There are 2 protein chains.
Amino acid sequence: MNQIDMMKELHIPSDKKIVLLVLDGLGGLPDARGLTELEAARTPNMDRLCRDSICGLSTPVAPGITPGSGPGHLGLFGYDPVAYQIGRGVLEALGIGMELTPKSLAARGNFCSLDPVTGVITDRRAGRIPTEKCASLVEKLSAIRVEGAETIVRPVKDYRFALILEGEDLEDGLTETDPQRTGLKPLKVEPLRPGAQKAARLLNEWIEKALEALKDDRPANGCTLRGIARDPGLPSYREVYGLTACAIATYPMYKGLSRLVGMEVLDAGDTVASELKTLKASWEDYDFFFFHVKKTDSSGEDGNFDAKVKVIEEVDAILPEILSLKPDVLVITGDHSTPAVLKSHSWHELPVLFHAGHIRKDAVTEFGERACMSGGLGHIRHVDLMPLAMAHADKLTKFGS
Amino acid sequence: MNQIDMMKELHIPSDKKIVLLVLDGLGGLPDARGLTELEAARTPNMDRLCRDSICGLSTPVAPGITPGSGPGHLGLFGYDPVAYQIGRGVLEALGIGMELTPKSLAARGNFCSLDPVTGVITDRRAGRIPTEKCASLVEKLSAIRVEGAETIVRPVKDYRFALILEGEDLEDGLTETDPQRTGLKPLKVEPLRPGAQKAARLLNEWIEKALEALKDDRPANGCTLRGIARDPGLPSYREVYGLTACAIATYPMYKGLSRLVGMEVLDAGDTVASELKTLKASWEDYDFFFFHVKKTDSSGEDGNFDAKVKVIEEVDAILPEILSLKPDVLVITGDHSTPAVLKSHSWHELPVLFHAGHIRKDAVTEFGERACMSGGLGHIRHVDLMPLAMAHADKLTKFGS
């Protein structure tokens, strides 16, 4: 029996409310001044809350593993990110706000350059064409029809686009067409299991028509498809936890990830302030609130230490208003670390502040990476957080007798 | 290779002795005065021993999971409580001191009220009849005979009884007969696998005869069977650890659980003092001693903080006598938390005091939940304790070369 099965079996109703406040990429590393972003930020409200909480450090996937947004959030949502993998095509589509249904098959597309005579790939990224060029090529591709499925194509960024096939019996388990190096022709999509034959046939038909449509373009006279995948069909929050859950997020990727686990995605504007407004307005309607703050991560990716500090301080400033709603359980953490000094996601543990009734308070009086090292939660994993939140919200019954 | 297989392969003999001292429900939460039961208790002997030990916190099953007595103890005994589950019928029977053999099939029984005309259940608990009434009804049921198995019925409490069928080829994998709500007739026992057909047939025959025997009674003119299960056939302590193990416990449930893993259950009276006497008298005969103290849990369940403190102090007072036997390894912990403020089992970690040779002493100088947060053992799981105890008793050889 895995954790998801255990939660399915043990969850019971209670009227308590859980808030999971995720500062994307929260975890940091010290810059030259010796403090991490969170340590450098002035966070009087979080620090005060620490005294009435239990803290610790959490590993998103496994030690040393740097997660993408998908695995980072799946862990926080209580789904083992190694057991439940989301295909790249699905994440690409979710990331630009495309909606998936159980009949969708999604793929990442790359425009590429082909030798007009031999047909071999000469540039796998078509000279990194600009996004506007990508958009105009996608318009051409949007005219393609294949029998047995609807097709939806959208530009992503530079040479990347997303393709969704929508139809009956479109199984995944399909090879990619990018041969991973130049000098080779794009490959055919091959089914890896019998059920995927129809999807392979339709995708190959689509690619053939795409090559025809692109043939006179330069440098993007070809394209490849990667990460072809369906919605992984994750068991929903209602099924696993019995929760009526909502997501308050500003970016398509996180709205999409929340939808994959059956959260209701609320209209939350595009600022922390508008997200707070949404939280307040919807407080009576849900018992679980996923509150996502994006810009800690984007500033970290930009290597902008001070901008990341500012976003943390902005969240600290709204904390009293979140607390005024009296959440029974409030967990503050991130999906993964994005230290500004690394300008990228990293594998480092995340500081966790766990505020609830029936906790054993520890000695942590400041919310920061090093303070949390000696917190009472110890070193946990992201997937441990939901069972703990459920327990502290009186939503789990006894295991065994 | 799971942990049990690893222990089977690596254990070697030594003349060292291990004592596992379990204060049932030891873990607590602070009351209004801000201290947990263990922190509030005057425990000079445990505190002194801490200075010569390594401490930590242990999770019985998994984060957020509140264990029953079965899973809590299986973890302490080194058996993954999720992989090794004990059926409720078995626990009910063990809890009242019934003995199980490999040929036993055990069920929980509930007396219920049936509409005499339609046969539907009108009260699933027969108005919660008193235990004496239950005992007199059980006497009637004891007269029932079925061909192919012996039957043993015993009263438990109120409307609950336990039934054991003893015979050849009685497999479990059987549905329950309680439809879980009133207005429906009791269900038949159905086999969930081919091997369980004989057991289903005998149980249905028994139920038919039981209904006949009860038909003139009011309000208990019916009964249902639940949690029908066999002894799970756990590998024994001798097989897994090479240990000659005994159990010193005062309550049937814990004697029964010990018997499931092949411990010899000693006559230990019904007080901590008589248990101590048993420990001393049997010291030469065994190399593993499971010493169980029940009343920390019962006081916790009663919400009686001060009574729980007293039981802890009572155990502290006998600690010097246990130490005078010079156990090579002494582990003091609990099976699960039972904070008096919750009046129930809980999911919180257990403080662990691990006293043995070849330890690295930590800075903990007081045995308590918060002191153990920063103990040298860190945050471990119950199943980790037996391998550690085995290693410190020189009973495990090297893994790999």
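Good morning. I will begin with helix α5 of chain B, which spans residues 88-95 and is mostly covered, with eight of its eight residues buried. Please keep in mind throughout that this is a predicted model.

The buried residues of α5(B) are B:R88, B:G89, B:V90, B:L91, B:E92, B:A93, B:L94 and B:G95.

After α5(B) comes B:G97, a residue with a positive phi, near 85°.

I now turn to a strand of chain B, β12, which covers residues 350-356. This strand is likewise mostly covered, and seven of its seven residues are buried. Which residues point which way from β12(B)? B:L350, B:V352, B:F354 and B:A356 point one way, while B:P351, B:L353 and B:H355 point the other way. Residues on both sides of the strand are buried.

Next, the pairing of β12(B). Strand β2 of chain B, residues 54-59, runs antiparallel to β12(B) and is joined to it by five bridges. Within chain B, B:C55 stands opposite B:L353 of β12(B). Strand β11 of chain B, residues 329-333, also pairs with β12(B) in the antiparallel sense, here over four bridges. B:V331 has B:F354 in β12(B) as its bridge partner.

To close, β12(B) has antiparallel pairings with β2 and with β11. Thank you.

Methods
Residues numbered from 1 in each chain as written. Chains lettered and ligands numbered in written order. Predicted model: local features only at pLDDT ≥ 70, side-chain atom pairs only at ≥ 80, totals over all residues. Buried ≥ 20, exposed ≤ 12 C-beta atoms within 10 Å, placed from the backbone. Helix = DSSP H or I, 4+ residues; strand = E, 2+ residues; numbered from the N terminus. Pairing = 2+ DSSP bridges.
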